[in-house]
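Subject: Structure handover, disulfides

Hello,

Here is the structure for your files. Please look it over before reading my notes.

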Amino acid sequence: MRYVNGMRGSALAVVVASTALAVAGCQSGGGGTDTGDGGVTPSGAVSSAASSSTPGAPKPGGSASGSSTPSASAPPSSAPAPGGAAATCSAGSLKATARLAAVRPAGTGTGAAVVEFTNVSGRTCVLEGHPTVAGAGNGSPEMNVPLTVKPTEAAAPVEVAPGGKAWVKLTFVQVQGEADGYCVSGSAPVVYPTMVVRLPGSGAHQVALDDGQFAECDDTVTVTAVSAARPS
């Protein structure tokens with residue numbers, strides 16, 4: 001009986017030991033998760049998406065969080081366009097004087113005169129074109145006699161700096177003979193104390209000769225365009 005009881009005790013011990021081993025074997029994975037189908041997902045299998053979303057981690061092809069992607073630099077602003085051409089000279093910016101021309105038709109009349117325009121302003125300005133001309137008395141330019149103008153030469157703009165000068169030349173139908181003279185056409189000679197010379201866009205200017213008066217025939221004058229070169 002002792003032997004049988006001993007066998008039964010030994011068998012019982014074996015069963016208890018086997019049960020303990022079986023339980024220990026089921027728990028040997030430590031930290032795993034039961035999938036419900038008998039399999040176990042290892043606890044170390046973690047989604048990489050979690051780590052890639054960590055604040056401050058660099059993004060593929062980009063820069064780290066907190067740093068901005070450099071933007072293309074803006075093109076430099078264009079330099080200011082150069083200013084336009086100088087303005088036309090105003091009447092008040094000019095001083096006009098007149099003198100007998102050195103080269104003029106033979107005769108006893110005026111023959112030809114050179115009118116000089118000086119820029120008395122502080123800015124460069126432009127003169128251009130052929131003048132109109134009228135004979136006038138002293139101090140009464142509004143009481144004048146327009147002359148028939150015959151333009152010569154092509155007109156071109158002439159820039160006149162402060163203190164600079166430009167010129168036109170007036171050539172008259174010359175009075176012939178001595179004393180009061182005569183006109184070849186048969187008309188009577190005319191004497192004007194002054195001439196009113198008007199430039200396109202630059203006003204009218206009354207001028208007197210530096211020596212004598214304007215004597216001419218047929219109320220006709222040939223004029224040059226404004227020039228930067230002093231005519232003779």
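What follows is a short account of the disulfides.

This is a predicted model, in which local features need pLDDT of at least 70, side-chain atom pairs count only at pLDDT 80 or more, and totals for chains, interfaces and linings use all residues. Residues are numbered from 1 along each chain as its sequence is written, and side-chain values use heavy atoms, with hydrogens and water left out.

Taking a disulfide as a pair of cysteine sulfur atoms within 2.5 Å, the count comes to two.

One of them joins Cys-89 to Cys-125, with an S to S distance of 2.0 Å. It links distant parts of the chain, 36 residues apart: Cys-89 sits in the loop between helix H2 (48-52) and strand E3 (94-100), and Cys-125 in strand E5 (residues 125-127). Helices (H or I, at least four residues) and strands (E, at least two) are DSSP runs, numbered from the N terminus. The torsion about the S-S bond of Cys-89 and Cys-125 is about 90°, so this disulfide is right-handed. Both Cys-89 and Cys-125 are buried, meaning under 20% relative accessible area (1.4 Å probe, protein chains only).

In the other, the sulfur atoms of Cys-183 and Cys-217 are 1.9 Å apart. Cys-183 is in the loop between strand E10 (165-173) and strand E11 (190-192) and Cys-217 is in strand E14 (residues 214-224), so the pair ties together parts 34 residues apart in sequence. The link of Cys-183 and Cys-217 is left-handed, with -90° about the S-S bond. Cys-183 and Cys-217 are both buried.

With the bonded cysteines of the protein numbered in sequence order, the pairing reads 1-2, 3-4.

Regards

Methods: Buried < 20%, exposed > 50% of the residue type's maximum accessible area, 1.4 Å probe, protein only.
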